[in-house]
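Student: Could we go through this structure together, one question at a time?
Tutor: Gladly, let's look at it.

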Amino acid sequence: MSKRWLVTGGAGFIGSNFVLEARKKNLAKVLTLDLLTYAGNRTNLSAIEKDPDHEFVHGDISDPSLVRSLIESFKPTAIFHFAAESHVDRSIDHPGIFLKTNVEGTFVLLDEARKYLSGGGGDPGEPFRFIHVSTDEVFGSLGAEDPPFTETTPYAPNSPYAASKAASDHLARAYFHTYGLPVITTNCSNNFGPWQFPEKLIPTVVLAAIEGKEIPLYGDGLNIRDWLYVGDHVQAILRIHEAGIPGETYNIGGNSERTNQRVIETILSILDQERPRSDGHSYSGQVRHVTDRPGHDRRYAMDASRLKRELGWTPEFSFESAIGETVRWYLANEEWWREIRSRKYAGERLGVLPPL
Ligand code: NAD
Ligand code: TDX
């Protein structure tokens with residue numbers, strides 16, 4: 001197989017969905033580099049545990065000597081960079097680790113890729129690509145009547161997480177313009193699906209509901225996110241790797257704007273059908289309005305028309321069909337999330353964060 005992909009963050013939510021798809025379709029040999037922070041989980045990749053074309057390395061993207069030796073020995077034809085600290089609430093409490101991983105880690109990867117290519121590395125038959133996976137949050141917040149974000153919307157990050165991702169996007173851009181590193185940046189909206197860590201809205205709601213706990217809805221519950229099924233995000237990234245233009249950026253979105261309140265109502269009505277409460281009441285009685293997230297962006301919406309028009313990508317799943325599948329996945333994979341919940345994971349690495 002001539003394609004060799006170095007995937008960072010491949011034990012996390014989106015990265016593991018990507019690695020599993022790449023190996024299922026035998027698209028490339030894959031080397032996963034992941035630090036296994038509280039959000040990383042080798043179990044996500046257990047289906048390919050014995051796959052001879054997948055290798056897992058436990059390590060930090062901000063360690064230049066490790067990254068250099070992996071690039072020199074594996075000789076990737078592409079780097080897919082998913083690794084990040086990804087949770088906005090945690091970035092508010094502990095911004096430093098977001099700068100370390102998202103900014104410094106991205107810098108190390110870009111710089112080692114540059115040195116590898118400028119030193120004669122690379123495969124003449126396989127044009128090298130560095131796919132930098134980013135977010136809609138770099139664009140800031142929209143008002144109710146504003147048009148969705150496009151690739152030319154100015155950056156206006158509002159959280160430490162968004163600022164760290166914006167900084168990494170700027171580095172990616174600079175490495176293309178200054179050194180000609182063939183970087184493509186993708187900015188995607190909110191993902192959902194299997195293996196999403198139970199700190200994000202959708203798994204939080206499912207698990208709190210079935211455990212009989214209060215379901216926290218921040219502020220007035222009318223903040224809007226644009227939801228995309230993770231499998232559609234993975235397909236978009238594969239298509240961009242195949243046909244995207246180096247130096248360009250592509251917005252990825254589901255055209256599925258929903259208030260948080262509506263997302264929660266949809267999940268709870270699925271649960272009322274699939275796993276009714278023993279007392280016969282609806283789960284909706286467990287929802288509680290809680291203190292808002294500081295600096296909480298009001299609305300995100302992505303205009304993904306460039307990706308559709310130029311590269312022919314369209315999402316396959318509607319929010320309604322994929323949310324049902326996702327809720328059922330969490331119901332069927334109780335062992336996965338119970339194991340996560342039983343860990344004292346967060347404090348162990350960061351020394352500060354309380355367990356969820
Ligand atoms: P996640 O938190 O589930 O997974 C992140 C992974 O990165 C984990 O496996 C973790 O162990 C690993 N990691 C963290 N620090 C590392 C380091 N220093 N070195 C090596 N590995 C490290 O995140 P996710 O939701 O899968 O997001 C993946 C990427 O997609 C991120 O870059 C994120 O910014 C971006 N993104 C996410 C969403 C979303 O809705 N989840 C939307 C748009 C973009
Ligand atoms: O318990 C909750 N209650 C609640 O009302 C949680 C966890 C969230 N919320 C709200 C905050 C947001 O408006 O739900 C919305 C979604 O929250 P998150 O799941 O934390 O996602 P968000 O902050 O929108 O960021 C996500 O999408 C963009 C990912 O975590 C980022 O990594 C990605 O870049």
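Tutor: Helix 4 and helix 5 (residues 160-179) have axes that come within 9 Å and cross at roughly 15°. Helices here are DSSP runs of H or I with at least four residues, strands are runs of E with at least two, and both are numbered from the N terminus. Axes are lines fitted to C-alpha atoms, for helices over the stretch in contact, and angles run from 0 to 180 degrees between N-to-C directions. This is a predicted model, where local features need pLDDT of at least 70 and side-chain atom pairs count only at pLDDT 80 or more, while totals for chains, interfaces and linings use all residues. Residues are numbered from 1 along each chain as its sequence is written.

Student: How is helix 4 oriented relative to helix 5?
Tutor: Angles under 35 degrees count as roughly parallel, over 145 as roughly antiparallel, 65 to 115 as roughly perpendicular and the rest as oblique. The axes cross at roughly 15°. Helix 4 and helix 5 are therefore roughly parallel.

Student: How many nonpolar residues are in the contact of helix 4 with helix 5?
Tutor: The contact, meaning C-beta atoms placed from the backbone and lying within 7 Å, includes Phe 98 and Leu 99 of helix 4 and Leu 171 and Tyr 175 of helix 5. Ala, Val, Leu, Ile, Met, Phe, Trp, Tyr, Cys and Pro count as nonpolar, Asp, Glu, Lys and Arg as charged, and the others, Gly among them, as polar. Four residues are polar and two charged, and the number of nonpolar ones is 13.

Student: Which word describes how helix 2 and helix 4 lie to each other?
Tutor: The axes of helix 2 (residues 64-74) and helix 4 (residues 95-118) come within 10 Å and cross at roughly 40°. Helix 2 and helix 4 are therefore oblique.

Student: How many residues of helix 1 are buried?
Tutor: Buried means that 20 or more other C-beta atoms lie within 10 Å of a residue's own, exposed means 12 or fewer, and partly exposed is in between, with C-beta atoms placed from the backbone. Phe 13 and Leu 20 are among the buried residues of helix 1, and their cover includes strand 1 (4-8) and helix 7 (230-243). Helix 1 is largely enclosed by the rest of the structure, because the buried residues number ten of the twelve.

Student: Is Glu 334 buried or exposed?
Tutor: Glu 334 is found in helix 11 (residues 334-342). With 11 other C-beta atoms within 10 Å, Glu 334 is exposed.

Terms used
Chains lettered and ligands numbered in written order. Contact = placed C-beta atoms within 7 Å.
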